[in-house]
Protein chains: 6
Amino acid sequence: MKISGRNKLQGVVKEIIKDTVMAKVILDYKGDEIVAVITADSIDDLGLKVGDEVTALIKSTEVMIIK
Amino acid sequence: MKISGRNKLQGVVKEIIKDTVMAKVILDYKGDEIVAVITADSIDDLGLKVGDEVTALIKSTEVMIIK
Amino acid sequence: MKISGRNKLQGVVKEIIKDTVMAKVILDYKGDEIVAVITADSIDDLGLKVGDEVTALIKSTEVMIIK
Amino acid sequence: MKISGRNKLQGVVKEIIKDTVMAKVILDYKGDEIVAVITADSIDDLGLKVGDEVTALIKSTEVMIIK
Amino acid sequence: MKISGRNKLQGVVKEIIKDTVMAKVILDYKGDEIVAVITADSIDDLGLKVGDEVTALIKSTEVMIIK
Amino acid sequence: MKISGRNKLQGVVKEIIKDTVMAKVILDYKGDEIVAVITADSIDDLGLKVGDEVTALIKSTEVMIIK
């Protein structure tokens, strides 16, 4: 199975904050933090918990460049 | 100056491919690749070139999690 | 493997138009069309061709409602 | 009136969950579920309720392909 | 007809640049520029041309804040 | 410092509504409202408050056109 989304960064879940509709997931990626805001439902669906090894998936059209 | 976008990942420009409207920028980010698709105009506006140290800016609502 | 993105719609590739940086993929999805704009690279990476059974993946934060 | 967004899928509202800022709307589209996360304000502005016939609007740059 | 997307900014088309897959549309919006990148197809579908009065539609989850 | 995101609209913060994970910020831009949904964290990080002069940053691929 392959996904067209070009950016796949593997990290470890450091923190999860769940609200009614949305949830915030903070990953550790080689010392940097990656923050994802996903639905609270998907936390349950993936059985996501602190310490999990996961992949952050980001479509290349969503990435801006700062110089 | 601060930006609300939570993900600011520092990398180095490895490759730029410009088309008429859009351009693809590939960064080296801690050994992984980050691919950004931005307007060709902004390549000129930033004076972006291979070897530049830049920051990839990604809003947390654009990040999915795969487990 | 599970993905947090809530919308996974299965369709069949009807048409692919590749440009230098971006490509357009049109799916038949239950009689409707789904249009995806992805990088031309990912067409090659997935070996995507007309007739392929694929899944359109869409984050729920990207869906608007019209009434 | 026409909208540039290419993906317009007509469904029926099955469920609405409102939080303070955001709300989740689940549509039935020909037996599939489509999930939209929109502002809680827009639920009120559209007078959205279960049973409404609505259209999900998705920009083609937001659609990934899985094969 | 109402759209959940909160930002509807009325402007006038100043410039259109069409490529094979994507097109760039520049609007004059109260003296500022708004740049939209949409599919080349939708330019034809809307019959979009310089001088047209149009509305830029932007989902609130796509807006960052810089301070 | 330059950002590839093409749309930068300067406005004044009129209202902030914070929830656990997300927050809504309403700007006044020359008499129009611009609504941004960002993480509650970034409200604190930017020290954002009513009356602040800020810039709304929007990637051009996120803008649709209605005609």
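Predicted model: local features only at pLDDT ≥ 70, side-chain atom pairs only at ≥ 80, totals over all residues.
How many residue pairs are in polar contact across the interface of chain E and chain F?

With both chains displayed, look at where they touch: 34 residues of chain E are in contact with 35 residues of chain F. The size of an interface is often given as the accessible area lost when the parts come together. Here the area buried between chain E and chain F is about 3,200 Å², and carbon and sulfur atoms give 62% of that area. Next, select Ile65(E), Ile66(E) and Lys67(E), which are the residues of chain E that lose the most area to chain F and which together make up 23% of what that side buries.

Now turn to the polar side of the interface, where the rule finds 19 residue pairs in polar contact, both residues of each pair being at pLDDT 80 or more. The count of salt bridges between the two chains is 3, and one of them can be shown by selecting Lys30(E) and Asp32(F), whose side chains meet at 3.4 Å, N to O.

Colour the strands of chain E next: β1, β2, β3, β4 and β5 each supply at least two residues of the side that touches chain F, with the largest share, 7 residues, coming from β3(E). By type, the residues of that side divide into 20 nonpolar, 5 polar and 9 charged.

Finally, select β4(E) together with β5(F), residues 64-66, and you will find two antiparallel strands joined by 3 bridges; within this pairing, Thr55(E) has Ile66(F) as its bridge partner.

Definitions and conventions. Residues numbered from 1 in each chain as written. Chains lettered and ligands numbered in written order. Heavy atoms only, no water. Contact = heavy atoms within 4.5 Å. Buried area = accessible area lost by both parts, 1.4 Å probe. Salt bridge = Lys/Arg side-chain N within 4 Å of Asp/Glu carboxyl O. Polar contact = N/O pair within 3.5 Å; in protein donor to acceptor, adjacent residues only side chain to side chain. Helix = DSSP H or I, 4+ residues; strand = E, 2+ residues; numbered from the N terminus. Nonpolar A, V, L, I, M, F, W, Y, C, P; charged D, E, K, R; others polar. Pairing = 2+ DSSP bridges.
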